[in-house]
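Welcome, and thanks for taking a look at this one. Here is a short briefing to read alongside the model.

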Amino acid sequence: MNFLGGDGGDDETDKEKEEEAERERQEAIKEAEDRRKEKHRKMEEEREKMRQEIRDKYNIKKKEEVVEQAPQEEPNPLMRKKKTPEELAAEAEQEDLDDFTKLKNSIETQVNEIKTQIEGKCSLQ
């Protein structure tokens with residue numbers, strides 16, 4: 001409530017100020033994140049340089065990385081794409097097809113076959 005007879009224009013300016021403050025806050029967060037990433041990149045470069053010096057000193061060959069690096073991490077892992085029921089079912093099927101599960105299933109099948117054969121030959125009187 002404005003008791004001094006204002007025309008209500010303050011609400012709009014307050015809103016604009018809040019939006020500007022929010023933009024500045026988001027920009028500051030982004031800048032801090034960029035500085036942090038750059039700092040860690042530099043630290044990793046220094047570490048790699050030290051590793052290479054050690055490798056050179058002891059004539060150790062660098063292991064080639066077979067695993068390719070994952071694509072850039074999404075900014076917020078909580079906002080990643082959710083899996084559809086079809087994708088979940090496909091993953092479950094893949095798990096069923098792994099070698100250990102295949103072996104387990106084949107052994108269970110063989111045991112059940114032998115069990116039925118034995119039960120057929122042996123009958124209690």
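In what order do the elements of the protein chain run from the N terminus on? They run α-α-α, and the secondary structure comes to 3 helices and 0 strands. Please keep in mind that this is a predicted model.

**Whole chain**
- The protein chain has 125 residues, and 2% of them count as buried.
- Its accessible surface comes to about 13100 Å², with carbon and sulfur atoms accounting for 54% of that area.

**Helix α1**
- Helix α1 is made of 48 residues and covers residues 10-57.
- From its first C-alpha to its last, α1 reaches 70 Å, which is close to the 70 Å expected at 1.5 Å a residue.

**Arginine 55**
- Two polar contacts involve its side chain: one of 2.7 Å with the side chain of glutamine 52, and one of 3.2 Å with the side chain of glutamate 48.
- Leaving aside residues up to four places away in sequence, arginine 55 touches Glu48, Ile60, Lys61 and Lys62.
- As helical background, an α-helix has 3.6 residues a turn, so residues three or four places apart point the same way.

**A nonpolar surface patch**
- Which residues form a nonpolar patch on the surface? They are Ile54, Tyr58 and Ile60, and together they have about 320 Å² of accessible area.
- Isoleucine 54 sits in helix α1 and is partly exposed, because its relative accessibility of 47% falls between the 20% and 50% cut-offs.
- Ile60 has a part in both pictures: it belongs to this patch and is also touched by arginine 55.

**Asparagine 59 and its backbone**
- Where does asparagine 59 lie? Its place is the loop between α1 (10-57) and α2 (85-96).
- Just after α1, asparagine 59 takes a positive phi of about 50°, although it is not a glycine.
- For context, most residues other than glycine have a negative phi.
- Asparagine 59 counts as exposed because its relative accessible area is 70%, over the 50% cut-off.

Methods: Residues are numbered from 1 along each chain as its sequence is written. This is a predicted model: local features need pLDDT of at least 70, side-chain atom pairs count only at pLDDT 80 or more; totals for chains, interfaces and linings use all residues. Side-chain values use heavy atoms; hydrogens and water are left out. Helices (H or I, at least four residues) and strands (E, at least two) are DSSP runs, numbered from the N terminus. Buried means under 20% relative accessible area, exposed over 50%, partly exposed in between (1.4 Å probe, protein chains only). The expected span of a helix is 1.5 Å times one less than its number of residues. Accessible areas come from the Shrake-Rupley method with a 1.4 Å probe; for residues, only the protein chains shown count as cover. Patches are made of residues with over 30% relative accessible area and no salt bridge: like charges are joined within 9 Å, nonpolar side chains (Val, Leu, Ile, Met, Phe, Trp, Tyr) within 5 Å. A salt bridge is a side-chain nitrogen of Lys or Arg within 4 Å of a carboxyl oxygen of Asp or Glu. A polar contact is a pair of N or O atoms within 3.5 Å; within protein, one must be able to donate a hydrogen and the other to accept it, and residues adjacent in sequence count only if both atoms are side-chain atoms. Contact means heavy atoms within 4.5 Å.
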